[in-house]
Amino acid sequence: MATLAAVLATTHHPFYLKLTHLDPPEKRIPQAAEWKRKVEAYRETLTAANPDILVMIGADHFHQFFLDNYPQFAIGKAPRYDATYYNEIREFSLPTFVLDGHEELSQFMLEGLIDRGFDMAVSNELKLDHSIICPIITTRPDADLPVVPIYTNIFVPPLPTPQRFWDLGRAIREIIEEFPSDKRVAAIGSGHLSLELGGPRQFEEHGPDPEFDKRAIGWLAEGDIDGLLANVTRENLGTFGNATHGFLDLVTMFGIAGPIKADYVDDLDLFHTREAYITWYPNGVER
Amino acid sequence: MSKYYVDKFLYTTDRDPDLLERYKTEPAQYLDWWEQHLGRRLGDSDAETTSWLAFTEQERTALIAHDYVTLFELGAHFFLSLTIYIGIYNDDYEAVTGPLSFQREYRDKLMHWRGKTYPSVIC
């Protein structure tokens, strides 16, 4: 059976590449060097796991999915995935990619999730956006591994409950470990801590709710799912910042890892957001 | 009120740089054209259309004026609204008043909503 090699839960900051690499040094933000160091250290947590396949959890930001037909949970099953939309190049200077898919694991994952009560939407022509490309850039910039993309709804209320995002993670974990293969599978998901977009708390000196950010990192670091579920509801997430629902994708990653302490925890306070970089090795890792 | 139709306008316009440029430079004419074409289209073909969607006058006025404060208050989706108006205004603002100056102005114009429950984006 396949081995779950690592689980990574990371914030995605679409300006990372621009602010730390593309802008000339004299124009970079003061935290650029520290940010780059932290990201490269985080990247090592994936490299050390020696993965063969990446299961990637993210959310379509109204690129391919719209309100005429928006899935709660969706999975890609395709031999290849184009990535990066025109308005992401325009706004964030993100590069395009063509990632290989892993159709066999996608199909196994789709059937396994349906068997466990997750009636997934499926896409055979999925173009990925920055929720998946940002972690590719930060954790696997060579983009040399096949991916299985899984999208969740973090934008179109009513969303699934936090419990459901956790349960999705638990199901993904079981399915990876039942996959008849000798491959090493890493799961990488990206989302947010507190975040405001298009509202009166956006683009301030810190994220909109530093206290939430501290508690959120604590729940993930300590394996405290009970604390998380007691304090996070789909109703209250918006009070921490109107786009804080992206935290739910980190809850799914936590679900894949299970209620255990994280092996690697780092964060960085930036203008507009706090970044978090968390890795679990549920089966250990050789250092 | 049709939050969905407003969101459809923002979504379909921001996907295409040529349409975005038309919305930036001649918003009233573009909105008229959009209502006759993309607004009616179901999916990717002109062969299938939706007959009943329409803006209110308040929505039309706000869209023509690029009035993202009113759109926020009407419940337009915050992500679609922010993204399209960044696309229209960011470079012009950045050239004059520096990076993220448009985003800060956007925030400040919504400051009267701070601490309040925001309008629902549910269509």
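These are a few friendly notes on the predicted model above.

1. A word on reading it: this is a predicted model, where local features need pLDDT of at least 70, side-chain atom pairs count only at pLDDT 80 or more, and totals for chains, interfaces and linings use all residues. Residues are numbered from 1 along each chain as its sequence is written, while chains are lettered from A and ligands numbered from 1 in the order in which they are written.

2. On confidence, the predictor assigns the complex an ipTM of 0.96 and a pTM of 0.97.

3. Buried means 20 or more other C-beta atoms within 10 Å of a residue's own, exposed 12 or fewer, and partly exposed in between, with C-beta atoms placed from the backbone. V147(A), P149(A) and Y151(A) point one way, and V148(A), I150(A) and T152(A) the other.

4. β7(A) has neighbours to follow. It pairs (at least two DSSP bridges between strands) with β2(A), residues 53-58, in the parallel sense over five bridges, and M56(A) stands opposite P149(A). Strand β3(A), residues 73-76, runs antiparallel to β7(A) and is joined to it by three bridges, where I75(A) partners I150(A).

5. Over in chain B, E26(B) sits in the loop between α2 (17-25) and α3 (27-36). E26(B) counts as partly exposed because it has 13 C-beta neighbours inside 10 Å.

Technical notes:
Helix = DSSP H or I, 4+ residues; strand = E, 2+ residues; numbered from the N terminus.
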